[in-house]
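Please read them beside the model.

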Amino acid sequence: MEQRHLGRTGLRVSRIGLGTLNWGRDTGEHDAADQLKAFWEVGGTLIDTADVYSGGDAEYLLGQLVERLVPRRELVIATKAGSVPDPDRRFDGSRGHLLEALDASLERLGTDYVDLWQIHAFDPETPLEETLHALDIAVTSGRARYAGVSNFCGWQLAKAATWQLAAPGIRTRIASTQMEYSLLQRGVEREVLPAALDLGVGLLPSSPLGRGVLTGKYRTTTPPDSRGASDMAMFVEPYLDGAASRIVDAVATAADGLATSPLAVALAWVRDRPGVVAPIVGARNARQLTEALSVEGLSLPDEICRALDDVSAPVHHYPDQDWSTL
């Protein structure tokens, strides 16, 4: 698998990442092991997890499999901290909480360091410089090699990245930002992506298949074994409207013309967008993951990219970038 630099850093990662959101919940040890082995065997390196995935079980399961199946040095392990199970405060970006969470993640993962440590979301109740100081401490102490953020809007990302760049050699630059990005969700193109491109921050798209909708499996019905038929139906529902259906139909048409799957078309589109480093793909089993990994040999023709761009184009209003042309 092709490797790409993570933002403006020396770290190289596979251009598809393996997500572990469902590990320890819908995906058990056997299926997780099959996924990890299949991913590594095709040259995949980037494994994304978080301290809150399955209440920490995703990290623990990954830690049990690493070394037993795959050498630790051949993986780029990324985890997150900052989300908390508190209805009154969803995110805690305080330095104390973040560093305590990192130590707990390292224990569950069974490793001395993570390659990429990410702030899971912006905490409006904590001064941003305090949150970012936790990243500096993590890197200087050797507990993390690189630092990133997740779910920061445009101004939050720009402020964080600029603050870190203001003291080179003292503060750790922001290497990446993880955001939802797909043909069904192009909101990051308004301000987040321009900021990331300008500041040298690599984008790691989550839900690159539109929460599964872009695979086409919801075109006629809701499969009984899908998220749409589970307690996560509310996660899928926003992408089942008429506008989404038109985009999914266009993806299916492109897939027919290329003799491939809608999944491959949708994943190739987001993988090759400007500023994107590696879409994070989650799967319930190795069969689903193998289908996603087959996109490595696919490059979409320019005319198909333009057609997909047109049918999924988001509406931009003042004062977005290039507002003067609207």
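1. Axes here are lines fitted to C-alpha atoms, for helices over the stretch in contact, with angles from 0 to 180 degrees between N-to-C directions. Helices are DSSP runs (H or I, at least four residues), numbered from the N terminus. The model is predicted: local features need pLDDT of at least 70, side-chain atom pairs pLDDT 80 or more, while totals for chains, interfaces and linings use all residues. Numbering starts from 1 along each chain as its sequence is written, and side-chain values use heavy atoms, without hydrogens or water.

2. Helix α4 (residues 128–140) and helix α5 (residues 154–165) have axes that come within 11 Å and cross at roughly 55 degrees. From α4, Leu128, Glu129, Leu132 and Asp136 meet Gln156, Lys159, Ala160, Trp163 and Gln164 of α5 (heavy atoms within 4.5 Å). By class, this contact of α4 with α5 holds four nonpolar, two polar and three charged residues (nonpolar: Ala, Val, Leu, Ile, Met, Phe, Trp, Tyr, Cys, Pro; charged: Asp, Glu, Lys, Arg; polar: the others, Gly among them).

3. The axes of α5 and helix α6 (residues 192–199) come within 8 Å, crossing at roughly 15 degrees. That makes α5 roughly parallel to α6. Gly154, Leu157, Ala158, Ala161, Thr162 and Leu165 of α5 make the contact with Val192, Ala195, Ala196 and Leu199 of α6. Eight of these residues are nonpolar, two polar and none charged.

4. Which residues lie nearest the centre of the second largest pocket? They are Leu183, Leu184, Gln185, Arg186 and Ile247, from a lining of 13 residues. A pocket is an open set of points on a 1 Å grid over the protein atoms alone, where a 1.4 Å probe fits, with protein on both sides within 12 Å along at least five of seven lines; lining residues have an atom within 4 Å of a point. This lining divides into eight nonpolar, three polar and two charged residues.

Note on methods:
Helix = DSSP H or I, 4+ residues; strand = E, 2+ residues; numbered from the N terminus. Parallel < 35°, antiparallel > 145°, perpendicular 65-115°, else oblique.
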